[in-house]
Amino acid sequence: MKKIAILTSGGDAPGMNTAIRAITKAAFHYNLQAVGIKDGYDGLMAGRFVNMKYTDVDNIIQRGGTILGSARSPEFKNKEARKEAIKNIKDAGIDGLIVIGGDGSFRGAKILAEEVNIPVIGLPGTIDNDLYGTEATIGYDTALNTIVSAIDNIRDTASSHKRVFFVEVMGRNSGFLALNSAIASGAESVLIPETITNIEALAKQIKSQNKGRRSSIIIVAEGDEEGGAMDIMRKIKPHLEDFRLRTTILGHIQRGGSPSYFDRALATRSGIMAVELLLDGKTQQMVGIKADELITTDFKDAIGKHAIPKVEKEELLGKLLTL
Ligand code: ADP
């Protein structure tokens, strides 16, 4: 093995740069040439490859986003389009590929690995934490911290009586960000896709909470079955006529920012392991973390099974979200 390529794909996440740095440095350590592919699968199909120099990864450990660029590349789902990608991989003499992205990216990586005769390893890079086979994805911890500090700010201004704030957070169809930011910010309630949302029951709960309370903060996962924060506010309004309702959609601030210690350590450790897995001839595996140990999961399980947040955490903890 002489050349390994790296690409970042799908939604960007803090810590992707840290992973690119770790992979590039590990490649140099093992006398491999690291090749950066620009803009995810788009760049793979267009042949936008750069040989990484040691200096290319200076001062990026702390930067959010991805220096390689990322893309949503629907064209890559086409077999004909992937033939271009395979030709480019062969022409560039690439012997192994590391894909940093979410479950969509691994679906693409799995198909590619079956069509091209080189090993492919995945690193979970997404703020959503929705991949099976890891307790944490790269970017999740940073996004949680960003969300919690935004909710703290909202709480500061929520001084008026009988105000209810619906704060929408990202996570696609997964409630990890919502549930855990609600716990850490002391929110009064949380709505996530994994549980049934009952608007009337929520209204009742808010009314009882507000006896003597100054404000309520309700975290809404963007993928909740009853809709986002705007939909929830519209649906609950007739049940909460005495209350002043406010909505905040945190949006893309959740994706940016300097990666936390946790994400930097995770990205660095798993980046090194990804290179070592390629050297061992392993393929179609995702690197994850469990009880502080790095583990691997086959792509088919990482994308085929669902990661579900532990909704029923400890009993009292669960109750704190509704008292
Ligand atoms: P994420 O990786 O964050 O889940 P997406 O779902 O947008 O993001 O997936 C990223 C890219 O992965 C897609 O734009 C597409 O190029 C590729 N991809 C996703 N699903 C498939 C698939 N079934 N076959 C081939 N490529 C896929």
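Predicted model: local features only at pLDDT ≥ 70, side-chain atom pairs only at ≥ 80, totals over all residues.
1. Next, the record. In an unreviewed entry, UniProt lists Gly-11, Arg-72, Ser-73, Gly-102, Asp-103, Gly-104 and Ser-105 under "binding site". These positions span 95 residues in sequence, yet no two of their C-alpha atoms are more than 13.7 Å apart, so they gather at one spot.

2. Two of the listed positions are worth a look on their own. Arg-72 sits in the loop between β3 (49–51) and α3 (79–91). Is Arg-72 buried or partly exposed? It has 14 C-beta neighbours inside 10 Å, and therefore counts as partly exposed. Gly-104 belongs to helix α4; with 18 other C-beta atoms within 10 Å, Gly-104 is partly exposed too.

3. Because 25 other C-beta atoms lie within 10 Å, Gly-108 is buried. Leaving aside neighbours within four places in sequence, Gly-108 is in contact with Tyr-41 and Phe-76. For a sense of scale, take Gly-108 and Arg-214: they are 106 residues apart along the chain, and their C-alpha atoms are separated by 49 Å.

4. Beyond neighbours within four places in sequence, the contacts of Val-99 are Leu-7, Ser-9, Ser-105, Phe-106, Ala-109, Val-120 and Gly-122. Lys-83 is 16 residues from Val-99 along the chain, and the two C-alpha atoms are separated by 18 Å.

5. Now for the interior. Nonpolar side chains tend to be buried together in soluble globular proteins. Here the largest nonpolar core has 88 residues, of which Ile-23, Ile-98, Val-167, Ala-178, Ile-219, Val-220 and Ala-274 touch the most other members. Helix α9 (residues 261–279) gives the most to this core, with eight residues.

6. Which residues of α6 are buried? They are Phe-176, Leu-177, Ala-178, Leu-179, Asn-180, Ser-181, Ala-182 and Ser-185. The cover over the buried residues includes α5 (140–157), β6 (163–169), β7 (189–191) and β8 (215–221). Ala-178 of this helix is also among the core residues that touch the most other members. Just after α6, Gly-186 takes a positive phi of about 70 degrees.

7. Most residues other than glycine have a negative phi, and most peptide bonds are trans. Asp-39, however, has a positive phi near 55 degrees. Asp-39 is found in the loop between β2 (33–37) and α2 (40–46), and is partly exposed, with 19 other C-beta atoms within 10 Å. Asn-59 also has a positive phi, near 60 degrees. Asn-59 lies in the loop between β3 and α3; with 9 other C-beta atoms within 10 Å, Asn-59 is exposed.

8. Finally, step back to the whole chain. Its secondary structure comes to 11 helices and 11 strands. Along the principal axes, the C-alpha trace spans about 70 × 35 × 30 Å. For 323 residues, a compact globule would have a radius of gyration near 20 Å, and the 22 Å of this chain agrees with that. Buried residues make up 49% of the 323 residues. Of the contacts between residues at least 6 apart in sequence, 77% join residues at least 24 apart.

Key:
Residues numbered from 1 in each chain as written. UniProt positions renumbered as here; feature names shortened; annotations may be inferred. Helix = DSSP H or I, 4+ residues; strand = E, 2+ residues; numbered from the N terminus. Buried ≥ 20, exposed ≤ 12 C-beta atoms within 10 Å, placed from the backbone. Core = buried A, V, L, I, M, F, W, Y, C linked by C-beta atoms within 7 Å. Rg over C-alpha atoms; globule rule 2.2 N^0.38 Å. Contact = placed C-beta atoms within 7 Å.
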